[in-house]
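I opened my notebook for this one and jotted down what I looked up, in the order I went. Have the viewer ready and follow along.

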Amino acid sequence: MANRERPLSPHLQVYRWQITMTMSILHRATGIALVVGAFALAWWLLAVAAGGEAYASAAACLASPLGKIVLFGFSLSLVYHLLNGIRHLLWDAGWGFEIPEVYRSGYTVFGLTVVLTALIWFFALRGGA
Amino acid sequence: MNDPQNVVKDFRTPIGRARGLGSAKSGTGHFWWQRVTAVVLALLVPWLVGTLVSFIGADLGTVQATLARPYNAIGMAAFAVALFWHAKLGIQVVIEDYVHTRAWEVILQFLLTFACALGALASLYAIARIAFLA
């Protein structure tokens, strides 16, 4: 680097806050969280296959307060990443590129994330726990 | 091709143009498979969430018997493969974006590939064991 003083892109802090940047960051953050969730799913499948004490301790772990909080985080991340992923796929198909549409789809994703996550936990808490 | 204007616009060799892989040597492969796995996962997530929620309060025997049903076992296997593939493609880009030391980047990309392959294989092993032995 010849000139270390030159400004480097992206200077996130100089931009006015926009919903689009938040959703983009959240898409990556939830994606990273869901990779942890993927390994948790593999761990749970192995516990189901092993049965006996392995399953009992896995089930107890998931049913504990900390387990429930982590599962809530996974479910929230999954719903958000799924809905925003569909938004990305629609962009890939060439739909919804106008700025008002981008904002509208963004708020729709936020709203539906809350509704669907609440719905999952309504059925989850009604079913057992 | 014989149009001189066309030659000026495109500096690629004919073989390079035919392969269509560009300077990154992988063409649109990453983009395309990320979308294919995304569509598979989007279709399977409602089924997965519904199945997992139905397991709340169920005993081990019920969980095993449900997962052992052919459509559930095949669905879970497809989900696991698409999930770890999609995870590998996503985290690969995160590493490319944030890890600027070449040696660390290569090491992390190796570990990522191994970990995701292991996750998928472990899931398939578990599903097979539930389906055939449980």
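Predicted model: local features only at pLDDT ≥ 70, side-chain atom pairs only at ≥ 80, totals over all residues.

**Entry 1: a helix pair in chain B**

I started with two helices of chain B, α5 (residues 70–98) and α6 (residues 102–132), whose axes come within 9 Å and cross at roughly 170°. I noted them as roughly antiparallel to each other, since the cut-off for that word is an angle over 145 degrees.

Next I listed who makes the contact. From α5(B) I found B:A73, B:M76, B:A77, B:A80, B:V81, B:F84, B:A87, B:K88, B:I91, B:Q92 and B:I95. From α6(B) the partners include B:L108, B:L112, B:C116, B:G119, B:A120, B:L124 and B:I127. Sorted by class, this contact of α5(B) with α6(B) holds 16 nonpolar, five polar and two charged residues.

**Entry 2: α6(B) by itself**

I checked the length of α6(B). Its 31 residues should span 45 Å at 1.5 Å a residue, and the end C-alpha atoms are 45 Å apart, so the two agree.

Which residues of α6(B) are buried? I got B:C116, B:G119, B:A120, B:S123, B:A126, B:I127 and B:I130. What do these buried residues pack against? The answer takes in both chains: α1 (19–50) of chain A, together with α4 (60–68) and α5 of chain B.

**Entry 3: where the chains touch**

**Entry 4: one residue, B:L89**

I picked B:L89, which is found in helix α5 of chain B. Is B:L89 buried, exposed or partly exposed? I counted 19 C-beta neighbours inside 10 Å, so B:L89 goes down as partly exposed; a buried residue needs 20 or more. Leaving aside residues up to four places away in sequence, B:L89 touches B:H30, B:W33 and B:Q34. I also took a distance to B:A131, which is 42 residues from B:L89 along the chain: their C-alpha atoms are separated by 29 Å.

**Entry 5: each chain as a whole**

I finished by stepping back. Chain B has six helices and zero strands, in the pattern α-α-α-α-α-α along the sequence. Its radius of gyration is 21 Å, well over the 14 Å that the globule rule gives for 134 residues, so chain B is more spread out than a compact globule. The C-alpha trace of chain B spans about 70 × 35 × 25 Å along its principal axes. I have 18% of its 134 residues as buried. Of the contacts in chain B with a separation of 6 or more, 72% come from residues 24 or more positions apart.

Chain A comes to four helices and zero strands. I noted about 60 × 40 × 25 Å for the span of the C-alpha trace of chain A along its principal axes. Buried residues make up 20% of chain A. Among contacts in chain A between residues at least 6 apart in sequence, 71% join residues at least 24 apart.

Technical notes: Residues numbered from 1 in each chain as written. Chains lettered and ligands numbered in written order. Rg over C-alpha atoms; globule rule 2.2 N^0.38 Å. Buried ≥ 20, exposed ≤ 12 C-beta atoms within 10 Å, placed from the backbone. Contact = placed C-beta atoms within 7 Å. Axes fitted to C-alpha atoms, helices over the stretch in contact; angles between N-to-C directions. Parallel < 35°, antiparallel > 145°, perpendicular 65-115°, else oblique. Nonpolar A, V, L, I, M, F, W, Y, C, P; charged D, E, K, R; others polar. Expected span 1.5 Å × (residues − 1).
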